[in-house]
Protein chains: 2
Amino acid sequence: MKFKLIFLFLSSFYVTIVAQSDEDYLRKIYKESLTKGKSYHWLDYLSNEIGGRLSGSLNSELAVEYTKKVLEELEFDRVWLQPVMVPKWIRGGPEFSFIEVAPGKTIPVNLCALGGSVATPKEGLKAEVVEVKGIEELKAMAFTDVQGKIVFFNCQMQVDVISTFEAYNGCVNQLFDGAKEAAKLGAVGTIVRSMSLRLDDLPHTGAMSYGITAINNRIPSAAISTNDAERLSSMLKIDSSIKFYFKQNCKQLNDVQSYNVIGEITGAQYPKQIITVGGHLNSWDLGDGSHNDGAGCVQAMDVLRLLKLIGIQPKRTIRIILFMNEEKGLRRGLEYAKFAKENNEKHIFALESASGGFIPRGFSFQGPDYKVSQIFKWKKLFEPYLIHYFKKDGIRADIGPLTNKSVLLADLITDSQRYFDHRHASNDNFDFINKRELELGSATMASLVYLVDKYGFNSTEYSSKVKH
Amino acid sequence: MKFKLIFLFLSSFYVTIVAQSDEDYLRKIYKESLTKGKSYHWLDYLSNEIGGRLSGSLNSELAVEYTKKVLEELEFDRVWLQPVMVPKWIRGGPEFSFIEVAPGKTIPVNLCALGGSVATPKEGLKAEVVEVKGIEELKAMAFTDVQGKIVFFNCQMQVDVISTFEAYNGCVNQLFDGAKEAAKLGAVGTIVRSMSLRLDDLPHTGAMSYGITAINNRIPSAAISTNDAERLSSMLKIDSSIKFYFKQNCKQLNDVQSYNVIGEITGAQYPKQIITVGGHLNSWDLGDGSHNDGAGCVQAMDVLRLLKLIGIQPKRTIRIILFMNEEKGLRRGLEYAKFAKENNEKHIFALESASGGFIPRGFSFQGPDYKVSQIFKWKKLFEPYLIHYFKKDGIRADIGPLTNKSVLLADLITDSQRYFDHRHASNDNFDFINKRELELGSATMASLVYLVDKYGFNSTEYSSKVKH
């Protein structure tokens, strides 16, 4: 009898120590990330040892090699490179520009070529300036107003919206389509106010497109800092005949081969159900790409490691994908989606982090309602970590090509207030990464992956096992 | 008849344009703060033109003058200075310190005196080191183990808690009480690991106390950077006989007179019901005190201005209080509480911002349940601004002295991840302030003050007017 009681006591003790709730698992994931996370260490290497990773560049290939090596050391079941052809654009030597107030009297300007732009003539380009607030204003102008001039797009990101991405979307078309539209009206070049909410001296680059503009009609396009945009605008109000000069040396080369870096652990129960977690490995060249999107890559890389650390053997196949060439054309996403289709793979969930390594606030989703509402039931599990934002309001560009009726796509939402202070500028660098914020992001991603892997999206399986 | 219809139409139109919901008012407050906020401009002056504002210092008096002038220009009904006596401690010349591995072989250390500490002897202080993880470990030691040595408090802030304030509270007693306890065991000095979660080279100062230790028994106390703490600890493991040297020149002087700066608008309907909004004007001296607590001051200063801008005439008296000497003894809070009592004032609500000008996350409350539950009903009004945290989990030290049964105290909660990277160190400066984050904080405070002013805490008045 006594023996029996001891046995009962011991077995109930055993049950107590092994039966862990989702709350326990999330607590462990956050703890492991904050105490033993690797994301900061890897990002230090990517940022400080490699640096900016323009697609097609030597640095981008070094980043492919490095991250592949790291994933291999993590003992995934499979690590491979998926070949993708990427466009290759080079900046060339330093850019140079000024406002010419009068012959011989100049004021220097902080400028950088936009990605994809052609160079100026070797001696640079000097012309009068016509300022517009955006493409619509330009389109309403006559050929004679624009011909022979540099069009200055000075649309400001709207300050009084809370999401800076919304502010960005409000005028990014001036950057992407500005040169194409200005060329139609005979402009000789375009300069664009940097897409930043902050007044400072840093020019922010970004991808522009000539669309179907014939090669001979392509005009050079550059960004100037917000302070310079303010100054130029003020000066134009006083004297509309002042000239702007810039010289840039960039060039579009032929496409080159590059790679998406992929690592996976095969699911123990449902190997054909695939969960992907990703970021994009390429960056712009002015900074070291720490926030955009070195952070997203290292956060994704740490997800499987964190699950391993807390003793999770995934039921489903979990795949880390570091995409190449997100910034210019999303080709990598297309290539991966093609691969997934050819292999008859069933992607149930795709998560990406591409909004900078700032404090995580939650997730944004796109996909079938039943999956979204299932995920929303887990929201309260995240509240102790100050993760409150769960919205079905679409995802950003990156994993778009995977879209089909059944897959649920998700973005990690990080606090957006400081993102555009750094994005595509020289201050997108490791100094502006906070270790804890980065690690909290990894933990937040790993936690959602843990839940999706555990419960899948089979609603009956889900309801029979979970009570919240 | 026709005339009547037109009149009806016009009057209903009139009602439509004037009847604005709380949602509308909050939207306007956030918009005004992000487009016309003054907080960043004022903080630029406080930080870059004045700088660190150690209580009793010339800078602190300049800050009193400046903020008084600003409040006066805002045309409050009344602006005044409330005299308070404050302790005056000066750092003196630069501190200097090193680890002596062997005679003549030294490694420099980043060190700063703790506020309130005595100086070392003129030639400095050199002694062997005894490392402890905290006060409890020290108390368990024998006199002979400690006598004649420098006690090195190396308790690390706990990394795996989400609130960095919780991590701070876990070992701040080593800083405040360390010297007092070490002196009892015959120590000649103490050095403390900086209260920061980050590994870097910056020493963080802070207030320490000798309690009732006799003047002759007071030993000098300093903080060293986290990197130096790690290094020293490693070296002590190899050789426990290495020595530590430091020289500091600080001094406690007699108390001097200073001021709380107060401005108010008298309530139109309930002038005797008082709502206070505050921060503390004094700071430490190593940085310029931008986050701690210049940010809180300028945010509080902008609250009434924002309400004015959107056309609110407060029903209740709203008072901005910039407290002096929060860091060392909370005397200012006591003085104000005494004043409030003497004037038979009924404080219904006191809000403070003192956690840095980071992205606002919500509020923490302390006070009567009926007030807290009333405030919680407004929570959803704040969600569009990503303000999710409403908790009754106590307030920080600053407005504590106002506590009585009826007043509701509140802290603005800002994101805490980066706060201790800067707090009390030389990098608590304006470069690390983000304009939007600061302005979102002002707007969040103004929004809550708007609601409390409008509805008060009379539950019948409240329930008859609001439907959420």
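Mentor: Let's go through domains, chain contacts and backbone details.
Mentor: This is a predicted model, where local features need pLDDT of at least 70, side-chain atom pairs count only at pLDDT 80 or more, and totals for chains, interfaces and linings use all residues. Residues are numbered from 1 along each chain as its sequence is written, and chains are lettered from A and ligands numbered from 1 in the order in which they are written.

Trainee: How is chain A divided into domains?
Mentor: Domain 1 covers 22-89 + 254-465 and domain 2 covers 92-249; such bounds come from an automatic or database domain assignment. Their C-alpha centres in chain A lie 34 Å apart.

Trainee: And how many residues of chain A are in contact with chain B?
Mentor: 23 residues of chain A are in contact with 23 residues of chain B, contact being C-beta atoms, placed from the backbone, that lie within 7 Å. Helix 2 of chain A gives the largest share of chain A's side, four residues; helices (H or I, at least four residues) and strands (E, at least two) are DSSP runs, numbered from the N terminus.

Trainee: Switching topic, which residues does the cis peptide bond in chain A join?
Mentor: That bond joins A:N292 and A:D293, with omega about 0 degrees. A:D293 sits in helix 11 (residues 290-309) of chain A.

Trainee: Is A:H424 buried or exposed?
Mentor: A:H424 is buried, with 29 other C-beta atoms within 10 Å; the cut-offs are 20 or more for buried, 12 or fewer for exposed, and partly exposed in between, with C-beta atoms placed from the backbone. A:H424 also has a positive phi of about 70 degrees, although it is not a glycine.

Notes: Contact = placed C-beta atoms within 7 Å.
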